[in-house]
Amino acid sequence: MKHILISFLTLFFFCSARSSDPVCSICGARITSDYFKYTLSGSGEEIIVCADCQTKAIKCSICGIPLGKQVFNLDDRQYCSQCFYKVLSRPVCGLCNKRIPGNYTTYTAAGRDILHVCESCESLYAKCDCCGRPALYTEIIDSKTLCRNCASTVIRCKACGAVLLDKIYRYNIYNYTYCSDCEKNLPRCAVCNLPAGKGSRTLSDGRIACTDCGATAVGSIDAVIKIYQLIKGFLYAGYGMKIREVAGIEFCSLEKMRLLASDVSTYDNRSVPQGLFRKDNDSVKILVQPELPRNLLVGVIAHEYANQ
Ligand SMILES: [Zn+2]
Ligand SMILES: [Zn+2]
Ligand SMILES: [Zn+2]
Ligand SMILES: [Zn+2]
Ligand SMILES: [Zn+2]
Ligand SMILES: [Zn+2]
């Protein structure tokens, strides 16, 4: 009995001496020297790590605790279980495609997906001069850095071709845009009144026509008469409109047009009419500005012909 009692006490002392040394949560060894103690923020559980494991073990990329056998991998990063589940609910960086444990910037723009960018991508990638977003791929156009999206939908000045980023002048009827330089300084097209830039031409009477208006300008009276014949046929075939034949179609200079228009009560005096009809006794003549763009001329002749 005595022997048993001594054995029991020996065992007791042996055990109690050993159990006072902490056990490393990673390698499981009793720690007799310095060790590190971590308290898990969520559960309050304490983790003790020996000095050796402290230096050698992989650390959680968020909280920094050394990781044992249970390592959670995501996007080439290692996490403890707590941080892993937290990071799963974090946004993904649109550039490096990794979940963002830390700070990030969110970019929103009409018609574009929301973009979250992690801090390292934010400082690494160039920003688009147009939309302001950092982008993996950028192009330099007119010395402006543009993301692929903006480069593909780039708006250029209709007159000089420059890429427009800041202030633009838009003419909604035409859906044309101009830079402020062209808007302010270019002569106006005599036909459409838009800035006449590259490719514009001077018409036979000295008026300037923009590229569009100049391209289809009808300069010969024969061509104008042909258009009149087509309109006449079209109105008759399509609408059964039989309107009396006009005695003639003539070009009329802008000065003469302005003068004639001043007799017409409906004329507003602000602009020179593009066409007019003149009654002489019983015959009617149509007068049109020289070198109007074809489509406009069709409208002008049809209007004057139907309203004679
Ligand atoms: Zn250890
Ligand atoms: Zn962690
Ligand atoms: Zn990133
Ligand atoms: Zn952009
Ligand atoms: Zn311009
Ligand atoms: Zn024009």
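Author: The buried residues of helix H10 pack against helix H8 (221-239), strand S14 (275-280) and strand S15 (283-288). Contact requires C-beta atoms, placed from the backbone, within 7 Å; helices (H or I, at least four residues) and strands (E, at least two) are DSSP runs, numbered from the N terminus. The model is predicted: local features need pLDDT of at least 70, side-chain atom pairs count only at pLDDT 80 or more, and totals for chains, interfaces and linings use all residues. Residues are numbered from 1 along each chain as its sequence is written, while chains are lettered from A and ligands numbered from 1 in the order in which they are written.

Reader: Which residues of H10 are buried?

Author: An α-helix has 3.6 residues a turn, so residues three or four places apart point the same way. In H10, Leu297, Val300, Ile301, Glu304 and Tyr305 are buried (20 or more other C-beta atoms within 10 Å of the residue's own; exposed means 12 or fewer, partly exposed in between; C-beta atoms are placed from the backbone). Seen down the axis, these residues fall within an arc of 120° (taken over directions from the helix axis to the C-beta atoms), so they line one face of H10. The face turned away from that side carries the exposed Asn295 and Asn307.

Reader: In what order do the strands of the open sheet lie?

Author: Strands pair if DSSP finds at least two bridges between them. The order is S13-S15-S14, with mixed pairing. S13 (248-251) and S14 stand at the edges with a single partner strand each, so one side of each lacks a neighbour in the sheet. S13 and S15 run parallel, joined by 4 bridges, and Phe251 stands opposite Val288 in S15.

Definitions and conventions:
Contact = placed C-beta atoms within 7 Å.
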